[in-house]
Amino acid sequence: MREDIIKKSADLFLSLGFKNITMDDIASAMGISKKTIYTHFSNKTELIETVTFSVLDYFHENIEKINQKAVNPIEELYDIKMFVMHYLRKERGSAQFQLKKYYPKIFEQLELKKFEKMHSSVEKSLIKGIKLNLFRSNIDVGFISRVYLTGMSGIRDTNVFPENKFNKSYLMESYLEYHLRAIATEKGLKVLNKYTHNKKS
């Protein structure tokens, strides 16, 4: 039951916002009593904290699987993008905004944990790209990995990228291509151009 509550809560929080959804809403959506939820979580804040870190773990586990199967780091990033877009297709930008505004401690902890989990993965991908001569050998891996992760968080900021002007798919596609063209070798650009052409055709 606990895992079912986490899953349903994640769906509701991402689609309607952390502030907008109440414990009553979750109970009603699941067809259970609010008391049942409180047997697993003492309050809404505890539930939100559990849900956000559960989603992060889910993302990290699946991204690791993609990393292991990918032919090269360029295709790897596009496969990760497709996975993220599929999962977040129902997410409203207000969800992240509400988490940051109304639950700042959880938001800060989440961002820190996200960086810890993803930084190593991004660095490995960059190093792999350099070894395959897809990325320039003189790039600063530590710097680029941090810039990439900062940008991925930044494009989800609806204050900077309003939802009525930029859709998620466009932002992720554009940022990913921007990132790769900045670090790719001539060989890397050929792979990138071929891959983006295949995706668009």
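This is a predicted model: local features need pLDDT of at least 70, side-chain atom pairs count only at pLDDT 80 or more; totals for chains, interfaces and linings use all residues.
Contact here means heavy atoms within 4.5 Å. Leaving aside residues up to four places away in sequence, F135 touches P73, I74, S125, L126, G129, I130, L180, I183, A184 and T185.

**F135 and its surroundings**
- You'll find F135 in the loop between α7 and α8 (141-154).
- F135 has a relative accessible area of 1%, so it is buried.
- Among the residues it touches are S125, L126, G129 and I130, along with L180, I183 and A184.
- L99 is another story: it sits 36 residues from F135 along the chain, and the C-alpha atoms of the two are separated by 36 Å.

**H119 in helix α7**
- H119 belongs to helix α7, which covers residues 104-131.
- Is H119 buried or exposed? Its relative accessibility is 11%, and buried means under 20%, so H119 counts as buried.
- The H119 side chain makes a polar contact with the side chain of S145, at 2.9 Å.
- S145 also turns up in the list of residues that H119 touches, together with G142, R146 and L149, if you skip residues up to four places away in sequence.

**Salt bridges**
- Side chains of opposite charge can pair when their charged atoms come close.
- How many salt bridges does a search of the whole structure find? The count is 7.
- One of them joins the side chains of D57 and K117, at 3.2 Å from N to O. This pair links distant parts of the chain, with D57 in helix α4 and K117 in helix α7, 60 residues apart.
- D57 counts as partly exposed because its relative accessibility is 32%.
- K81 and E173 form a salt bridge too, and their closest N and O atoms are 2.2 Å apart. Here again distant parts of the chain are linked: K81 is in helix α5 (residues 73-87) and E173 is in helix α9 (residues 168-183), 92 residues apart.
- Both K81 and E173 are buried.
- E163 pairs with K168 in a salt bridge, where the closest N and O atoms are 3.7 Å apart.
- E163 has 41% relative accessibility, so it counts as partly exposed; K168, at 28%, counts as partly exposed as well.

**Helix α4**
- Helix α4 runs over residues 44-69, and at 1.5 Å a residue its 26 residues should span 38 Å. Its end C-alpha atoms are 38 Å apart, so the two values agree.
- At the start of α4, a side-chain oxygen of N43 comes to within 3.2 Å of the backbone nitrogen of T45.

Definitions and conventions: Residues are numbered from 1 along each chain as its sequence is written. Side-chain values use heavy atoms; hydrogens and water are left out. Helices (H or I, at least four residues) and strands (E, at least two) are DSSP runs, numbered from the N terminus. Buried means under 20% relative accessible area, exposed over 50%, partly exposed in between (1.4 Å probe, protein chains only). A polar contact is a pair of N or O atoms within 3.5 Å; within protein, one must be able to donate a hydrogen and the other to accept it, and residues adjacent in sequence count only if both atoms are side-chain atoms. The expected span of a helix is 1.5 Å times one less than its number of residues. A salt bridge is a side-chain nitrogen of Lys or Arg within 4 Å of a carboxyl oxygen of Asp or Glu.
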